[in-house]
Amino acid sequence: MRGAPLYNSQHKNISGSRGRLETPALVLDADAFEANATRLAALAQARGIGLRPHAKSHKCAAIARRQLDLGAYGIACAKPGELLALFEAGIERLMLTAPLFHPAKIDRLADAAANGADLLVVIDRPDLVAAYGSAARRAGATIKVLLDCDTGLGRTGVDTGEAAIALARAVVGEEGLSYGGLQAYAGHVQHIHDFAERRWANDVANGRLARIIDALTVEGLSPAIVSGGGTGSHLLDLNAGLLTELQVGSYIFMDEGYQPVDFDSTGDAVFQTSLFVAVTVVAHSAAGAAITDAGSKSFAVDGPQPRAFLDGKEIGRIVWVGDEFGRLIPNDGVAVPPAGTLLECTVPHCDPTLNLHDYVHVVRGDVLEDLWPIEARGRAD
Ligand SMILES: Cc1ncc(COP(=O)(O)O)c(C=O)c1O
């Protein structure tokens, strides 16, 4: 992380400053972000389900704080480094959604718990019970634990009731740990475009989860917390009655990867696009195409090509012409913009795009309101 913003802070709170940013600049439309955060918090609250948004999507303490202010009750993280960076920035109610191996990472987490972090972690194997237990006792902390369940993603987690019961018993018997329940993230379901197909896949995943919950309940190990879900399955999960909390990530931004997903069978957009990279036309190719100043160093490129907007109107798509350059493919009838034109481009995939930037430029209407540091960028440790 750099200390102070290198550029653009002089534009803060000046009318029209959104259109005058020095680029490339990661831009967050505050109204759209807040509408998304508020919408899901209200839906979850109406169903009596908690919201623990995933910071893997943003890695930014100010965004996490805003999500908490708007109705979330905790924040999830994918990596210990991500979690510790947010804890240092003042976020306290934190969950780590991935199992680990290295004892030093477990020690750092236990120290954070001893220093005030309200910590929730997941485990998927017996040696992690012992590792977290001894780290918690050494640090003088109690760490709450969820059992990670594999409901079809094929990544981490136990997939049978027997394995879950054995792990839960081990957690209950381990001094320094408390048994909180289950995590089940059906990542394979989230980006299925068709609503009926996604609902079917989510039902299959939920069937597996229900069998694990039933097996634990029979043994007196009923899970108080069942954490899971993502942006793609959030409406299904709100109605399915299995999860006690959602750990959605991308819903605040809506990247291009999520644009084709039909959330509610109407095909209508459920969330607004709030995240953009502002770029400038800096040249024209010999063939006359507009060349912009941002490529794979400013956009994660593992998703559909960005759409480009000029003064709020969609004018084409960006294709990559290198790490530092893009080329505008204008829509039919759109004139090639001159050098100096600022375009706002959607992002192919939000999580790794924020990982490329030190700051996000928070805009409201046409005004740059603030620059928020992305404290946990690069914290893949
Ligand atoms: C464990 C876990 N939970 C939640 C999420 C959030 O998913 P989404 O960004 O689709 O909302 C992710 C995303 O990869 C994840 O890995």
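Does glutamate 219 count as buried or exposed, and how many C-beta neighbours does glutamate 219 have inside 10 Å? Glutamate 219 counts as exposed, because 12 C-beta neighbours lie inside 10 Å, where exposed is the class for 12 or fewer other C-beta atoms within 10 Å of the residue's own, buried the class for 20 or more, and partly exposed the class in between, with C-beta atoms placed from the backbone. Glutamate 219 sits in the loop between helix 7 and strand 8 (225-228), and its C-alpha lies 49 Å from that of phenylalanine 299, which is 80 residues away in sequence.

The model is predicted, so that local features need pLDDT of at least 70 and side-chain atom pairs count only at pLDDT 80 or more, whereas totals for chains, interfaces and linings use all residues. Residues are numbered from 1 along each chain as its sequence is written.

Two helices can be set side by side; helices (H or I, at least four residues) and strands (E, at least two) are DSSP runs, numbered from the N terminus.

| Helix | Buried residues |
|---|---|
| Helix 3 (residues 80-88) | Pro80, Glu82, Leu83, Leu84, Ala85, Leu86 and Phe87 |
| Helix 6 | Ala164, Leu167, Ala168, Ala170 and Val171 |

Glycine 90, with a positive phi near 105°, follows helix 3.

The domain assignment, whose bounds come from an automatic or database source, gives domain 1 (9-28 + 270-373) and domain 2 (30-253). Their centres, taken over C-alpha atoms, are separated by 33 Å, and 16 residues of domain 1 are in contact with 18 residues of domain 2. On the side of domain 1 that touches domain 2, helix 9 (350-354), strand 16 (359-364) and strand 17 (367-373) each supply at least two residues, and the largest share, four residues, comes from strand 16.

Of the 15 residues around the ligand, Tyr185, Gly230, Thr231, Gly249 and Ser250 come nearest, a residue being near if its C-beta atom, placed from the backbone, lies within 6 Å.

How values were computed. Contact = placed C-beta atoms within 7 Å.
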